[in-house]
Amino acid sequence: MTAEYPRRGFVHGPDGNIEYMEEGSGPALVLLHPAPSSCTTFQDALPLLADGYRVIAMSQPGFGESDAPPRAYTEVSQYARAVTWLLDGLGLERAHVLGSLTGSLTALETAAGWPERVDRLVVEECFNWNRPGRIEVLEREHGVDESPDGSHLLAMWERARSVTLREASEPAEVARLARRRLLSALSSARPGPDGVTGQDASTLALSRYPLWERAPLVKAPTLVAHGTSSALAGAHERLVGAIPNARGIRPPSTHQFNWRVAPELWARELRSFLAEDAPR
């Protein structure tokens, strides 16, 4: 029986402590969260794959309890480098890497920039934010303008609850997940040593990432997943074609393809892909 709470810890990297939580044993699978979030995003997903895999969810620098770097990151490659520091700290030479939503760009860049560290790559709801007008969407959805009276906290709660309603219907479940989402958002809104928040740093990095230049450099076998109802799936086929050894899936989904919307399907698709014989 899976423990109620996953193991948690920190790896000390060159730019500070990196938070992670993990369950299971076997080949390592690193999970990278979207922004604004943290490793707790995957807390309910870990047991789905822990039978057969060492599943490790990481909080990227400036998110969750991971330290913000001394100087705010401006490139996705810097977040990807932190993934390799996590692997180093855990004594892992290689791992499968999965990134969800904006975290998919960190995952893809890890595979492109450090191909010797990534066995298989999964990118869920990957999207090119490096286009005029697109990054403003993230700023509207995730930005925080602090109010002296604290009213911004209520706005953040309503946003967290609204997003959670897409994934859960039971009142107790909505409240639990919304609280977790709010705490993650608050952590990404705290300023780092140079005064830049984790969310602002991430947004800048995403706006500069050259997806179509980096995708062809990925050597790992790759699974590209977009839900059938996803608003981010417009370039699904292009992305599958841009990555040399990739295949795509479009599973049925009411919003996006993730572990909360369709946990059994999500786990089945991942297990099937990760278990395939990789060409060497």
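Reader: Hi! What classes of residue are in the lining of the largest cavity?
Author: The lining has 7 nonpolar, 6 polar and no charged residues. Here Ala, Val, Leu, Ile, Met, Phe, Trp, Tyr, Cys and Pro count as nonpolar, Asp, Glu, Lys and Arg as charged, and the others, Gly among them, as polar. Keep in mind that this is a predicted model, where local features need pLDDT of at least 70 and side-chain atom pairs count only at 80 or more, while totals for chains, interfaces and linings use all residues. Residues are numbered from 1 along each chain as its sequence is written, and side-chain values use heavy atoms, without hydrogens or water.

Reader: Thanks! How many cavities are there in the whole structure?
Author: The search finds 3 of 30 Å³ or more. A cavity is a set of points on a 1 Å grid where a 1.4 Å probe fits but cannot get out, and its lining residues have an atom within 4 Å of a point.

Reader: What volume does the largest one have, and which residues are closest to its centre?
Author: Its volume, the space filled by probe spheres set on the points, is about 90 Å³. Of its 13 lining residues, the closest to the centre are Gln60, Thr102, Thr106, Ser202 and Leu206.

Reader: Which elements give two or more residues to that lining?
Author: Those are helix H2 (76-89), helix H3 (103-113) and helix H7 (198-208). H7 gives the largest share, with 3 residues. Helices (at least four residues) and strands (at least two) are DSSP runs, numbered from the N terminus.

Reader: And the second largest cavity, what is around its centre?
Author: That cavity holds about 50 Å³ of space. Among its 13 lining residues, Ala68, Pro69, Ala72, Gly198 and Ala201 are the closest to the centre. By class, the lining has 8 nonpolar residues, 4 polar and 1 charged.

Reader: New topic: in what order do the strands of the sheet lie?
Author: The sheet is open, with 8 strands in the order S1-S2-S4-S3-S5-S6-S7-S8 and mixed pairing. Strand S1 (7-13) and strand S8 (246-249) are at the edges with a single partner strand each, so one side of each has no neighbour in the sheet.

Reader: What about S4, which of its residues are on which side?
Author: Arg54, Ile56 and Met58 are on one side, Val55 and Ala57 on the other, and all of them are buried. Buried means under 20% relative accessible area. Since 5 of the 5 residues of strand S4 (residues 54-58) are buried, the strand is largely enclosed by the rest of the structure.

Reader: How many bridges join S2 to S4?
Author: There are 4, and strand S2 (residues 16-23) runs antiparallel to S4. Glu23 stands opposite Val55 there. S3 pairs with S4 in the parallel sense over 5 bridges, with Leu31 opposite Ala57. Two strands pair if DSSP finds at least two bridges between them.

Reader: In what sense do S6 and S7 pair?
Author: Strand S6 (residues 118-124) and strand S7 (residues 222-225) are parallel, over 4 bridges. Val123 has Val224 in S7 as its bridge partner.

Reader: Last one: is His96 buried or exposed?
Author: His96, in strand S5, is buried, with a relative accessible area of 9%. Leaving aside neighbours within four places in sequence, His96 is in contact (heavy atoms within 4.5 Å) with Pro27, Ala28, Leu29, Val30, Tyr53, Asp119, Arg120 and Leu274.

Terms used:
Buried means under 20% relative accessible area, exposed over 50%, partly exposed in between (1.4 Å probe, protein chains only). On a 1 Å grid over the protein atoms alone, a cavity is a set of points where a 1.4 Å probe fits but cannot get out, and a pocket is an open set with protein on both sides within 12 Å along at least five of seven lines; lining residues have an atom within 4 Å of a point.
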